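Visitor: I should like to study this protein with you. May we proceed by question and answer?

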Amino acid sequence: MATPTSRIEEHPDLVEMRARYARAASTPTAQGLEALTMLAGVFLLISPWIVGFTRFNALTVNNFVTGITLAVIGLTLAVAFERTYGLSMAVCAIGAWTVLSPWLVTGNVDTIRTILTNVITGGLLFLLGLALLAVGRRGGKGARAHRKGETSG
């Protein structure tokens with residue numbers, strides 16, 4: 001007995017979920033959060049040269065790599081939020097790492113400049129990640145409410 005095969009990309013739940021996240025991503029709030037995530041990544045990338053702590057090689061490399069990572073995550077969120085929504089949690093994790101990195105990176109790099117830069121940037125990144133998660137979840141609640149209205153009306 002042959003059973004019909006279907007591709008996972010065509011599964012109704014997956015299609016509906018992507019449509020829900022696409023609706024959430026089209027809001028001005030989501031677009032602003034995506035842009036802020038990318039800009040925060042770019043700032044973190046160049047912060048050692050802006051703030052002036054390039055003599056701390058380990059922290060400079062750390063901020064450079066995490067900044068590139070965040071800029072790429074922000075770009076992918078902007079391009080395909082419905083497929084990369086899960087990366088919002090990575091923004092939270094990178095934000096937490098950025099806050100802690102002046103104390104965890106090798107060498108004595110915990111100066112006023114490095115601490116203020118990384119704690120403020122990391123805290124903002126953590127909040128941005130939480131806000132991105134909320135946008136995705138709020139988009140889902142709105143879709144369910146809309147769907148209920150269609151079936152009852």
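Visitor: Which residues of helix 5 are buried?

Guide: This is a predicted model, in which local features need pLDDT of at least 70 and side-chain atom pairs count only at pLDDT 80 or more, while totals for chains, interfaces and linings use all residues. Residues are numbered from 1 along each chain as its sequence is written, and side-chain values use heavy atoms, with hydrogens and water left out. Helices (H or I, at least four residues) and strands (E, at least two) are DSSP runs, numbered from the N terminus; buried means under 20% relative accessible area, exposed over 50%, and partly exposed in between (1.4 Å probe, protein chains only). In helix 5 the buried residues are Ser88, Val91, Cys92, Ile94, Gly95, Thr98, Ser101 and Pro102.

Visitor: At which residue does the kink in helix 5 lie?

Guide: The bend at a residue is the angle between axes fitted to the seven residues ending there and the seven starting there. In helix 5 a kink of about 35° lies shortly before the proline Pro102, at Thr98.

Visitor: How far apart are the end C-alpha atoms of helix 5?

Guide: The expected span of a helix is 1.5 Å times one less than its number of residues. Helix 5 (residues 87-104) has 18 residues and therefore should span 26 Å. The distance between its end C-alpha atoms agrees with this, at 24 Å.

Visitor: Is Leu45 buried or exposed?

Guide: Leu45 lies in helix 2. Its relative accessibility is 18%, so Leu45 counts as buried.

Visitor: Which residues does Leu45 touch, not counting residues up to four places away in sequence?

Guide: Contact means heavy atoms within 4.5 Å. The C-alpha atoms of Leu45 and Thr66 are separated by 7.0 Å, although these residues are 21 apart along the chain. With that sequence limit applied, Leu45 touches Asn63, Phe64, Gly67 and Ile68.

Visitor: Why does Phe64 count as partly exposed?

Guide: Phe64 has its place in helix 3. It counts as partly exposed because its relative accessibility is 36%.

Visitor: How many helices does the chain have?

Guide: Read along the sequence, the pattern is α-α-α-α-α-α. The secondary structure comprises zero strands, and the number of helices is six.

Visitor: What percentage of contacts with a separation of 6 or more joins residues 24 or more positions apart?

Guide: The chain has 153 residues, of which 37% are buried. Among its contacts with a separation of 6 or more, the share from residues 24 or more positions apart is 69%.
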